[in-house]
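Open the model in your viewer and keep the selection tool at hand. Each stop says what to pick and what to look for.

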Amino acid sequence: MAGFRQASPRQRKSPAPAEVPRSTFYYLPVSDEIRSWDLYVTGVGQESYAAGDPYPEAGHPSLYNFEWRTGRVLPEYAMILILGGKGEFELRNQPRTECTAGDVLLVSPGQWHRYRPSAATGWSELWLCAGGEYLHRLRSRRLMFGHGSVALGARFHDTRRLIAEILDFVRNHPNVNSPLLTARLLAVVALISEAGGGETLEQAGPAAADSHVVDAIEFIWHNSHRPIQTKDVARAVKLEPRTLERRFAACHPRAVHEEIEESRYLRARRLLIESTLPIKEIAYSTGFGEPKRMIELFRRRDAKTPGEFRLGAAK
């Protein structure tokens with residue numbers, strides 16, 4: 001897959017401490033070859049906000065930008081390390097929690113979330129976005145992404161150093177998604193997993209209480225580029241389709257077929273924003289099959305065709 005357009009880094013002056021002198025973020029090219037890796041970086045950034053600053057800073061691609069009022073859903077994993085200050089973090093069906101320096105906020109694909117610094121203190125952060133089968137396996141085995149946040153404790157400084165090294169590499173090689181990044185990402189994941197103690201998803205809240213639903217969501221987000229249907233998801237988690245539908249209705253905001261659609265929609269949005277691939281190719285590579293199905297969904301969700309959405313995102 002070729003033709004990815006790397007987002008320009010955004011920078012601004014900030015009253016943050018010297019170790020975080022400015023805000024910079026990069027979204028990396030992700031080709032078909034890279035997607036075949038078990039683990040890869042999709043984005044990295046460093047941001048600092050003084051007390052009362054608007055959050056988040058403008059300039060992120062629309063797929064990643066969000067408002068506190070509406071929150072956000074991502075098609076990939078995100079790890080947000082709080083360096084200083086404090087704020088609040090919320091996942092759907094989980095209580096809002098306070099987060100502070102030394103905490104890492106963890107977000108999974110398809111998981112509604114929102115977070116922001118305290119207006120009284122602001123905060124500074126380092127963050128990573130990542131994908132790959134390795135992270136899906138960790139989550140399905142309850143080794144990571146079971147809690148919304150993890151206090152790193154003694155692992156904070158090593159985690160911070162590794163993410164800063166990833167950022168430095170990307171800053172110097174903005175169009176290169178290298179195995180060197182994956183090696184450092186793997187070390188970051190190991191530190192966070194150790195700090196979290198491999199605690200179970202069942203402890204994370206009502207939406208995660210049904211392990212069959214968790215496993216089904218993982219299957220959907222890893223396989224929605226294929227022509228899967230509800231019956232395929234049910235087969236993967238060893239349930240009857242009607243039983244799986246009832247379990248989704250009990251603890252998840254979307255039905256099974258809606259979760260499949262959400263995954264395809266967000267992946268298509270990302271490709272429309274970050275690549276120059278033809279609409280037809282995006283439709284096939286994200287699981288829609290016929291472009292007509294993708295066009296109908298975008299008209300329903302955005303009141304635009306995919307081509308119109310791409311033009312608007314480029315402005």
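Start with the largest pocket of this predicted model. Its volume is about 550 Å³. Select Arg 35, Tyr 40, Trp 221, His 225 and Arg 267: of the 25 lining residues, these lie nearest the centre of the pocket. Now colour the lining by element. Helix H1 (32–35), strand S2 (40–49), strand S7 (123–131), H2, helix H5 (211–223) and H8 each give two or more residues. The largest share, three residues, comes from H8. Switch to colouring by residue class. The lining of the largest pocket divides into nine nonpolar, nine polar and seven charged residues.

Next, go to helix H2, residues 133–140, and select His 136. Is His 136 buried or exposed? His 136 has a relative accessible area of 10%, and the cut-off for buried is under 20%, so His 136 counts as buried. Show the side chain of Tyr 77 as well. A polar contact of 3.1 Å joins the side chains of Tyr 77 and His 136. Leaving out residues up to four places away in sequence, His 136 touches Tyr 77, Pro 109, Glu 218 and His 222.

How many cavities of 30 Å³ or more does the structure hold? There are three. Take the second largest cavity, with about 160 Å³ of space. Select Glu 47, His 60, Arg 72, Tyr 115 and Trp 127, which lie nearest its centre among 16 lining residues. Strand S3 (77–91) and S7 each supply at least two lining residues here. S7 gives the most, with three. By class, the lining of this second largest cavity holds 11 nonpolar, two polar and three charged residues.

Move to the loop between S2 and S3 and pick Trp 68. Trp 68 counts as buried because its relative accessibility is 17%, and the limit is under 20%. Display its neighbours beyond four places in sequence: Trp 68 touches Glu 88, Glu 90, Arg 96, Arg 114, Tyr 115 and Arg 116. Draw a C-alpha to C-alpha distance from Trp 68 to Arg 116. The two are 48 residues apart in sequence and 7.4 Å apart in space.

Turn to the nonpolar interior. In soluble globular proteins, nonpolar side chains tend to be buried together. The largest nonpolar core here has 51 residues. Select Ile 80, Leu 105, Tyr 115, Trp 123, Val 233, Leu 244 and Phe 248, the members with the most contacts inside this core. Then highlight helix H8, residues 256–274, which provides the largest share of the core, eight residues. Centre on Leu 244. Setting aside residues up to four places away in sequence, Leu 244 touches His 212, Ala 216, Val 233, Ala 234, Val 237, Leu 239 and Val 256. A second, separate core of 33 residues includes Leu 28, Val 44, Val 104 and Leu 152.

Finally, zoom out to the whole protein in cartoon view. The secondary structure comes to 11 helices and eight strands. Of the 315 residues, 53% count as buried. Among contacts between residues at least 6 apart in sequence, 71% join residues at least 24 apart.

Notes. Residues numbered from 1 in each chain as written. Predicted model: local features only at pLDDT ≥ 70, side-chain atom pairs only at ≥ 80, totals over all residues. Heavy atoms only, no water. Core = buried A, V, L, I, M, F, W, Y, C linked by side-chain atoms within 4.5 Å. Buried < 20%, exposed > 50% of the residue type's maximum accessible area, 1.4 Å probe, protein only. Helix = DSSP H or I, 4+ residues; strand = E, 2+ residues; numbered from the N terminus. Contact = heavy atoms within 4.5 Å. Polar contact = N/O pair within 3.5 Å; in protein donor to acceptor, adjacent residues only side chain to side chain. 1 Å grid on protein atoms, 1.4 Å probe; cavity = no way out; pocket = protein on both sides within 12 Å on 5 of 7 lines; lining within 4 Å. Points joined across faces, edges and corners; volume = space filled by probe spheres on them. Nonpolar A, V, L, I, M, F, W, Y, C, P; charged D, E, K, R; others polar.
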